[in-house]
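Me: Could you walk me through this structure? I'd like to start with the overall layout and then move on to the details.
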Amino acid sequence: MCCTDSVTGETLFSFSSPKMIGEVVLEYFINHKRCRVPMRQQASEWIARIALSPGWIFYRFEVDGIPRRDRQGNKLKTTDGRPCSLAVINPGPRLPLLS
């Protein structure tokens, strides 16, 4: 799952699983560039916070070396046939200008 934090403007990615997991990495693709971010475990889920520009982002989770798509996101496949999801990052709320 991903959502934009209205206070910080960062995009929060989270992954939860009932199984014991050793490592989760967020892998995302932006402007033909592949980025990998280790996720941190908090209680029963893994999270990563990333500052992203508004637009489309393709992402997936790598759980103990196995790529997995976000079950709450759109289902897609990359050219290598591996699963991924699509997120649309919206800009944060616009505050009114003070006069």
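Reply: Read from one end of the sequence to the other, the protein follows the pattern β-β-β-β-β-β-β-β-β-β, which amounts to ten strands and zero helices. Please keep in mind that this is a predicted model.

Me: What share of the residues is buried?
Reply: Of the 99 residues in the protein, 32% are buried. The protein exposes about 6900 Å², and carbon and sulfur atoms supply 53% of that area.

Me: And how much of the contacts comes from residues 24 or more positions apart?
Reply: Such pairs account for 56% of the contacts in the protein, taking those with a separation of 6 or more.

Me: Ok, sheets. In what order do the strands of the open sheet come?
Reply: The open sheet is formed by four strands in the order β1-β2-β6-β5, and their pairing is antiparallel. Its edge strands are β1 (2–4) and β5 (40–42), each of which pairs on one side only. On average, and with direction ignored, neighbouring strands of this sheet are turned by 30° against each other.

Me: How many bridges join β5 to β6?
Reply: Three bridges join these antiparallel strands, β5 and β6. As for a particular pair, Arg40 has Ile47 in β6 as its bridge partner.

Me: Switching to the inside: which residues have the most contacts within the largest nonpolar core?
Reply: That core has 17 residues, and those with the most contacts inside it are Phe13, Phe15, Val24, Leu26, Tyr28, Met39 and Phe61. At least two residues of the core come from each of β2 (11–16), β3, β6 (45–50) and β7, with β7 giving the largest share, four residues.

Me: What does Met39 touch?
Reply: Leaving aside residues up to four places away in sequence, Met39 touches Phe13, Ser14, Phe15, Val24, Val25, Leu26, Trp46, Ile47, Ala48 and Phe61. Phe13, Phe15, Val24, Leu26 and Phe61, which are among these partners, are also listed with Met39 among the core residues that have the most contacts.

Me: Now charges. How many salt bridges are there?
Reply: The count comes to four salt bridges. Glu27, Arg34, Arg36, Arg60 and Glu62 are linked in a network of such bridges.

Me: What are the N to O distances for the Glu27 pairs with Arg34, Arg36 and Arg60?
Reply: The side chains of Glu27 and Arg34 meet at 2.5 Å, N to O, whereas for Arg36 and Glu27 the closest N and O atoms are 3.5 Å apart. The side chains of Arg60 and Glu27 meet at 2.7 Å, again N to O. This last pair links distant parts of the chain, since Arg60 lies in strand β7 (residues 55–63) and Glu27 in strand β3 (residues 24–30), 33 residues apart.

Me: Is Glu27 buried or exposed?
Reply: Glu27 counts as buried because its relative accessible area is 2%, which is under the 20% cut-off.

Me: And why are the arginines Arg34, Arg36 and Arg60 classed as they are?
Reply: Arg60 is buried because its relative accessible area is 3%, while Arg34, at 51% relative accessibility, counts as exposed because the cut-off for that class is over 50%. Arg36, at 37% relative accessibility, counts as partly exposed.

How values were computed. Residues are numbered from 1 along each chain as its sequence is written. This is a predicted model: local features need pLDDT of at least 70, side-chain atom pairs count only at pLDDT 80 or more; totals for chains, interfaces and linings use all residues. Side-chain values use heavy atoms; hydrogens and water are left out. Buried means under 20% relative accessible area, exposed over 50%, partly exposed in between (1.4 Å probe, protein chains only). Contact means heavy atoms within 4.5 Å. Accessible areas come from the Shrake-Rupley method with a 1.4 Å probe; for residues, only the protein chains shown count as cover. A nonpolar core is a set of buried Ala, Val, Leu, Ile, Met, Phe, Trp, Tyr and Cys residues joined through side-chain atoms within 4.5 Å. Two strands pair if DSSP finds at least two bridges between them. Axes are lines fitted to C-alpha atoms, for helices over the stretch in contact, and angles run from 0 to 180 degrees between N-to-C directions.
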